[in-house]
Amino acid sequence: MLTIWRRHNPAKCKLTSRTERKCRWPIWMTGTLPSGERVRESTRLRDWTRAETISRQREVGSHRNTARVTLKEWKESFLQDAESPSGRNLNSETLRKYKLLFRQLDMFTEDKGLRFVNQLDLATLTEFRSTWNDGSRSAQKKLERLRSTLKFALRRKWVEENEAAHLIPPKVRQNPTLPFSEAEMKAILKAATEPRVRAFIVVMRHAGLRISDVTALAVSSLQNDRLKLYQAKTGEPVYVPLPRGVSEALRTVPHKNPSYFFWSGTSTIPAAVGMWRRRIAAVFKTAG
């Protein structure tokens, strides 16, 4: 049973009764819910009638959710469905980002002493988001993943509402990325003295592929003077023409794995992408 009471400030208020209704200091609720959860928290209200309503709703909600799902059970269930080939079957990079989100949430909830998924109210999630050290675009994507995980819990009636849906996403300022000038490209290619790095850069330039795409570029994708790629969403083949010099650079580049131009196949793709980012960054630094 929950009990509501008025928390006075002796320095600013002459009233002392915990059930004083005329005072305007905040109202707190204390007690134990039918589920066994101990409660001692502010209602964030000053109106006694509204506070009584909130406390009753909290007790009724606890009756409906006596068998609550823990944060660990929620995480394991979500990741099992996400990894399963017959479930969502998410790719490895997307899974890595979800696992990172759960690791950060585990650390946060452990510090706060939270155990159940339905304890993640709007105030808690707002505080959790304030611990992120991401840029606006990355934070926006992470918020989308947080909403997705809580939507998973909502559909299974583990929570009454997806509180993350009420978090306002950060404002992202679009800064257009301009192409390198001819002089800049000459400086970059001059600085790229190592054949593998030079081939990597010219493929990115003429094929318009991302670093991760070139890192995992398959040898079988090169057909004469064009690349045969597949659209990520539809799976339809797309042919990208290459200048003769670029296709020759690909054919002559030394590669450790017979199936890939730039990936050894022994490390993970994220690790290989990170290595190529550093190598390209070194070239750009040399080129000024």
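1. A word on terms before the residues: buried means under 20% relative accessible area, exposed means over 50%, and partly exposed covers what lies in between, using a 1.4 Å probe and protein chains only. The model you have here is predicted, so local features need pLDDT of at least 70 and side-chain atom pairs count only at pLDDT 80 or more, while totals for chains, interfaces and linings use all residues. Residues are numbered from 1 along each chain as its sequence is written, and side-chain values use heavy atoms, with hydrogens and water left out.

2. Let's start with the sheet. It is open, has 3 strands in the order S1-S2-S3, and its pairing is antiparallel. Strands S1 (2–6) and S3 stand at the edges with a single partner strand each, so one side of each has no neighbour in the sheet. From one strand to the next the twist averages 25° (axes are lines fitted to C-alpha atoms, for helices over the stretch in contact, and angles run from 0 to 180 degrees between N-to-C directions). Strands here (E, at least two residues) and helices (H or I, at least four) are DSSP runs, numbered from the N terminus.

3. Have a look at the S2–S3 pair next. Strand S2 (residues 27–32) and S3 run antiparallel and are joined by 6 bridges; two strands count as paired if DSSP finds at least two bridges between them.

4. Arg6 deserves a visit. Arg6 belongs to strand S1 and is buried, at a relative accessible area of 1%. Its side chain reaches two backbone oxygens, that of Arg46 at 2.8 Å and that of Cys23 at 3.1 Å. Both are polar contacts (N or O atoms within 3.5 Å; within protein, one must be able to donate a hydrogen and the other to accept it, and residues adjacent in sequence count only if both atoms are side-chain atoms). Leaving aside neighbours within four places in sequence, Arg6 is in contact (heavy atoms within 4.5 Å) with residues including Ser17, Glu20, Trp25, Ile27 and Trp48.

5. Arg44 counts as exposed, at 65% relative accessibility.

6. Lys157 also has a positive phi of about 60° without being a glycine. Lys157 sits in the loop between helix H5 (136–155) and helix H6 (182–191), and is exposed, with a relative accessible area of 67%.
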